[in-house]
Number of protein chains: 4
Amino acid sequence: MIIMKSDATQEEIENVIKEISKCGLRADVSKGAYRTVIGLVGDEQKVPFERFAILPGVKEARMIETPYKLISREYAKLSGEESQHRVVKVGNVDIGGSEPVFIAGPCAVESKTQLFRIAEGVKMAGAHILRGGIFKPRTSIHSFQGLGAGGQEEAEEALGWLREAGNRFEMPVVTEIRGEGQVDLVADYVDVIQIGARNMYDQDLLTKVARKGKPILYKRHFGAGIEEFLSFTEYMVAEDNRDIILCERGILPLGKGRNYTRYTLDLAAVPAIQKETYLPVIIDPSHAAGRRDLVFDLSCAGIAVGASGLIIEVHYNPVEALVDGQQMITPDELKDVINACQRVHKAIGPRRNDD
Amino acid sequence: MIIMKSDATQEEIENVIKEISKCGLRADVSKGAYRTVIGLVGDEQKVPFERFAILPGVKEARMIETPYKLISREYAKLSGEESQHRVVKVGNVDIGGSEPVFIAGPCAVESKTQLFRIAEGVKMAGAHILRGGIFKPRTSIHSFQGLGAGGQEEAEEALGWLREAGNRFEMPVVTEIRGEGQVDLVADYVDVIQIGARNMYDQDLLTKVARKGKPILYKRHFGAGIEEFLSFTEYMVAEDNRDIILCERGILPLGKGRNYTRYTLDLAAVPAIQKETYLPVIIDPSHAAGRRDLVFDLSCAGIAVGASGLIIEVHYNPVEALVDGQQMITPDELKDVINACQRVHKAIGPRRNDD
Amino acid sequence: MIIMKSDATQEEIENVIKEISKCGLRADVSKGAYRTVIGLVGDEQKVPFERFAILPGVKEARMIETPYKLISREYAKLSGEESQHRVVKVGNVDIGGSEPVFIAGPCAVESKTQLFRIAEGVKMAGAHILRGGIFKPRTSIHSFQGLGAGGQEEAEEALGWLREAGNRFEMPVVTEIRGEGQVDLVADYVDVIQIGARNMYDQDLLTKVARKGKPILYKRHFGAGIEEFLSFTEYMVAEDNRDIILCERGILPLGKGRNYTRYTLDLAAVPAIQKETYLPVIIDPSHAAGRRDLVFDLSCAGIAVGASGLIIEVHYNPVEALVDGQQMITPDELKDVINACQRVHKAIGPRRNDD
Amino acid sequence: MIIMKSDATQEEIENVIKEISKCGLRADVSKGAYRTVIGLVGDEQKVPFERFAILPGVKEARMIETPYKLISREYAKLSGEESQHRVVKVGNVDIGGSEPVFIAGPCAVESKTQLFRIAEGVKMAGAHILRGGIFKPRTSIHSFQGLGAGGQEEAEEALGWLREAGNRFEMPVVTEIRGEGQVDLVADYVDVIQIGARNMYDQDLLTKVARKGKPILYKRHFGAGIEEFLSFTEYMVAEDNRDIILCERGILPLGKGRNYTRYTLDLAAVPAIQKETYLPVIIDPSHAAGRRDLVFDLSCAGIAVGASGLIIEVHYNPVEALVDGQQMITPDELKDVINACQRVHKAIGPRRNDD
């Protein structure tokens, strides 16, 4: 990290960038109110920091030991940025602002009728963003893989429905991509691109998605520590895309005997991550629980712990869903969840750690 | 499990109990409004259920496949008990009732002065029960083991302070025991006996504590699944002690890199356990987080998810504490926590799953 | 799964394949000595098995409940295949045959000189296949990402060295790919394509690699259960590529306190997997241990538990390596490892479970 | 830790011990060939090391940061002890010597006939020590708890059979205790007292057992890290009992889907622990696998990784066993296991890390 003097000239800044480039790294320039901080993207072992320290306009040059820095509060602070909270704007929805955001919709898009009926339901219930899976990552090749598995044409048709439903019910839309081959296509149709838990470590995919410049909903892998999750987030921010919404969706359960929840929702990760980075964090209670009768309680807890929003799977008739029926709630139940969450949010009020 | 006919006579019931005893098992008799259900305690493989089924007054005799049954809602329901919620009464405090209960105090009792000062602080902040460790389970023999390690006399003195502080500030008191040798002594001084996470599996200890007939605060081991936790709870209920307060205090963290929390607080375990048993469940945010700046958020989430209360470590000056200073909050901070939790509790209102 | 009658005609078989295709699934045809078995690739919920059961030539049509079947021993047995062991042939090296195979080389290729010196060393030590990383998956974007990160030209140069070293020292070569963009390029240069632990769940990548028709070294993710590992393997076999070498490289460590090994090597996974599938399984002791002083012991244990080979990181001077120096051993140490492993293999002799 | 000068007098040593005692700690005196090292048992925070450093005869006084020290190789080295390997002598069996030791017998003692028949079988197969459970720790109170659950008399009778079988077939015997109430009784009958995985953290029990002065077979808990395991071992060594045999028996499995093994056997823990302490380490493949068809492979791997022995569950007719039948092997199979392990042990020969 290179911290420039407050009176460093543009020329001096550009000179530093050029020198960084000569070392085979890229520069991430963050111009704050008080000074400019230049992050290094790439292998810092190659950088002769002592030499950078004496370049004109440079106040300090040092290696950062943590595996992430561009996304860190510390880095944001150094450049004197006024707000430490990143508000990700999706259409007219603010994620990370003062109000919690609710993303809802079916696990998988199955037909236009199904999607529209659910979209209407979640809109009425108070949801802000519509979700719907088209490329489903599945453990077994012998399970339904989403309409996207039917080929380019079928995928485009389903994406078209999602776009149309979003327009019709005035909600931005989000869907998951699963491989590099879907990035261009999906980016044409949706407002937010989701990278699921199973792809969390897929750094080539992260880079490719980030370059699209669209907001990204990025889920923590169920075996990943927080440090890993943030480190891989850095791959996207290094592409100069800071519109990342982090999502906790449960980690591997532990212990003998039958599992009462599909995953262990790590709610403490929300404030723990918020202390580290300015990016908003949301919660997915549906996948974590794997059962619908816990969604209400986990949603309230998610908002109580300080999450910026929730992503919830909804179906008007869960038992007939092709995927994950056991964890979906109905639009009516969603309404209860949203109302309760808003009361909880209000009850807690502004937090100490927001100061 | 033997379900008696609704018109079974006392004689018939006693006959069944005698037959169970002949098989080398014990009977747990649950007389409900509608009928009597007799649970079997011990190795059910030995029981000829078909023979029991034809005894006079017996409606049904069958083996239960789950490793726990006495504590299950299903068992409570069978005997037609009206309420499915157990309210554990400790002095004039109800745990598992309509209001959340707050247990607070120092991690370890260090001196009379320290204890009284903290007791006063937590009382003013709104706590209902006073905690204070005297026998500390510690990973290293080279760490402070609590005043109880100083021998019988020192242990009694410290227990006396705890009792006195409880009386003075009108709060029931709880302390942890760590081995069978402390049970009799501790039971003389406290209102609730705590069995800590590291002793969760210690079935001989559970039995011995349960026989004291006092309320028990029982913590889940950090490597235990919910099924194991409930199965071991059964060892206490089998001694006819149903005053068990279950406590979730975090499970082993997962993933590479540094841990941002000491343990992973499994908040979903609260409603998941509540669906299985009528016993109340509380949350320990202090040990789970291992850092004081997350206690507020986790406490709110604990109440939001439906816990019947919290147990929180408090010190007027955490940095000078001999044990766990990094996770203790001050009495002032506790007041904020309690107030926020009560607002959250009120905001959510009665829950669907309470029906 | 459709099991054909032993006297089913080619026409009848083709008819079944056509019907499967109409349901939107693909057929995996396995012609054994006694009969033909047709596996279904895709969402089996869509298949009217009762209708298939009455097609001409069909003996039995049923849904398979396990998430994998094409790779299962049961499936192989059904078609009456004589051998239940798949021997993956790589040049003149047999993986899964009667002798253990040793794959060795540097973690990362750093220069032609470094690679050739190590290649010569491992050849002299008795290694059969040369490994060398060019596209390194790294947790931090601020670490060395391999020469492949330098762009197409640099990547090709490094791949060329690997090919050349393989030719010069008469060893087939293997390198890891990390994203879909590298598949075509890497396939041109190497004999075995490695899919690393972090990409295990990446089903689009698996499919793309499998279609190259080259042998694949496929590593289990550190958070994946065996069932998941085998289920994702099925994605490759569904592309009719059965030259898959499975590799266990350690799962997430558990428990409090410092970790004495980087991962927990799950050696029992080797025989457990071998009972399920005919594919060979090898062990990576280097990444599992993360420290060179355990490589000898873990290698011996790997062969003792029945692995078909080992993949070991080697450097002539580990302390100067750019990546993972702490876990690499020298060529001399590799020689000791290989010799000891061969003695262990001989000492145990043919196994019961080979029958 | 206080390191005395090589010419320190006995009086000077005693003076240091007295001073330690004044601080409320105990001294562990280790007189080696070259000098005397005095370990401190208890809370080191209370010790004014700078004052100790200037006592007569003292060479060095310093705090040890690791949670264990008495059991560490470093500590043994400091006192100049010639051998760094502790050989635990049980009758005429050496555990931790040059040959692997095999402990075998039924999971639970069910009758005198059953025990004697199995004892004879394992003796013929080449076992050195006889195991047999009398107090069984069980997850469910509704399962068979061992003959010890039948009361004092029945327990004594079963312990008598074990003693008699040991005498008759010339094998020392080991059984598990589960609570403090069994320690005195069991110590009268057996040669080795086992503390099982579920009691690993039970420090009061450890202390009580250690004071018996008999060899202890101590199993790692399935959720415990190596550091915790060694730290709790220190509680026993602090009672001046160094006859501890450590046992790895598997840690909690990880990952989604069905478990192919009951626990994950952490074989790398064997050499990792051996680098830290001089105590011998053995392996329990039966409980780790939870299935008999993996016992052979895991046993070979255990010896290959450097374990000092194995503890294996054996029954002449596993299907009729009351506990854990699915993981027991027959005496004939045990013979194969022992023979193969001895060949593996010989094939590897003396290890580098034994130097």
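Buried, in what follows, means under 20% relative accessible area, exposed means over 50%, and partly exposed lies in between, with a 1.4 Å probe and protein chains only. By that rule Gly306(C), with a relative accessible area of 15%, is buried.

Good morning. This is a predicted model: local features need pLDDT of at least 70, side-chain atom pairs count only at pLDDT 80 or more, and totals for chains, interfaces and linings use all residues. Residues are numbered from 1 along each chain as its sequence is written, chains are lettered from A and ligands numbered from 1 in the order in which they are written, and side-chain values use heavy atoms, with hydrogens and water left out.

Let me stay with Gly306(C) for a moment. Helices (H or I, at least four residues) and strands (E, at least two) are DSSP runs, numbered from the N terminus. Gly306(C) belongs to the loop that links α11 (295–304) to β14 (309–313) in chain C. Which residues does Gly306(C) contact, leaving aside its neighbours within four places in sequence? With contact taken as heavy atoms within 4.5 Å, they are Val270(C), Gln274(C) and Arg351(C). The C-alpha atom of Pro271(C), 35 residues apart from Gly306(C) along the chain, is separated from that of Gly306(C) by 6.6 Å.

I turn to helix α11 in chain A. Ser299(A) is located in this helix, residues 295–304, and is buried at 0% relative accessibility. Beyond its neighbours within four places in sequence, Ser299(A) touches Pro285(A), Leu310(A), Ile312(A), Val337(A) and Cys341(A).

Next, the cysteines. A disulfide is a covalent bond between the sulfur atoms of two cysteines. Here the term is applied to a pair of cysteine sulfur atoms within 2.5 Å. How many disulfides does this rule give over all chains? The count is zero. In chain B, Cys300(B) is in no disulfide, and the nearest cysteine sulfur, that of Cys341(B), is 4.7 Å away. Cys300(B) is also buried, at 0% relative accessibility.

Cys341(D) sits in helix α12, residues 331–348 of chain D, and is buried with a relative accessible area of 0%. Leaving aside neighbours within four places in sequence, the contacts of Cys341(D) are Phe102(D), Ser299(D), Cys300(D), Ile303(D) and Leu310(D). By contrast, Asp7(D), 334 residues apart from Cys341(D) in sequence, is 47 Å apart from it in space, C-alpha to C-alpha.

Now to the sheets. Two strands pair if DSSP finds at least two bridges between them. In chain B, four strands make an open, antiparallel sheet in the order β2-β3-β1-β4. Its edge strands are β2 (26–31) and β4 (58–61), each of which pairs on one side only. From one strand to the next the twist averages 20°, where axes are lines fitted to C-alpha atoms, for helices over the stretch in contact, and angles run from 0 to 180 degrees between N-to-C directions. Strand β1 (residues 2–4) of chain B is joined to the antiparallel β4(B) by three bridges, and Ile2(B) has Ala61(B) as its bridge partner in β4(B). Across β1, β2, β3 (36–41) and β4 of chain B lies helix α1 (residues 10–22), running at about 10° to β3(B).

In chain D, four strands likewise form an open sheet with antiparallel pairing, in the order β2-β3-β1-β4. At its edges stand β2 (26–31) and β4 (58–61), each with a single partner strand, so one side of each is left without a neighbour in the sheet. Six bridges pair β2(D) with strand β3 (residues 36–41) in the antiparallel sense, and Ala27(D) has Leu40(D) as its bridge partner in β3(D).

Finally, the assembly. Two copies of a chain are related by a rotation about an axis and a shift along it.

Between chain A and chain C, 39 residues of chain A are in contact with 39 residues of chain C. Buried area is the accessible area (1.4 Å probe) that two parts lose on being put together, summed over both. For this pair the figure is about 3,200 Å², with 53% given by carbon and sulfur atoms. On the chain A side, Thr139(A), Ile141(A) and His142(A) lose the most area to chain C, together 22% of what that side buries. Thank you.
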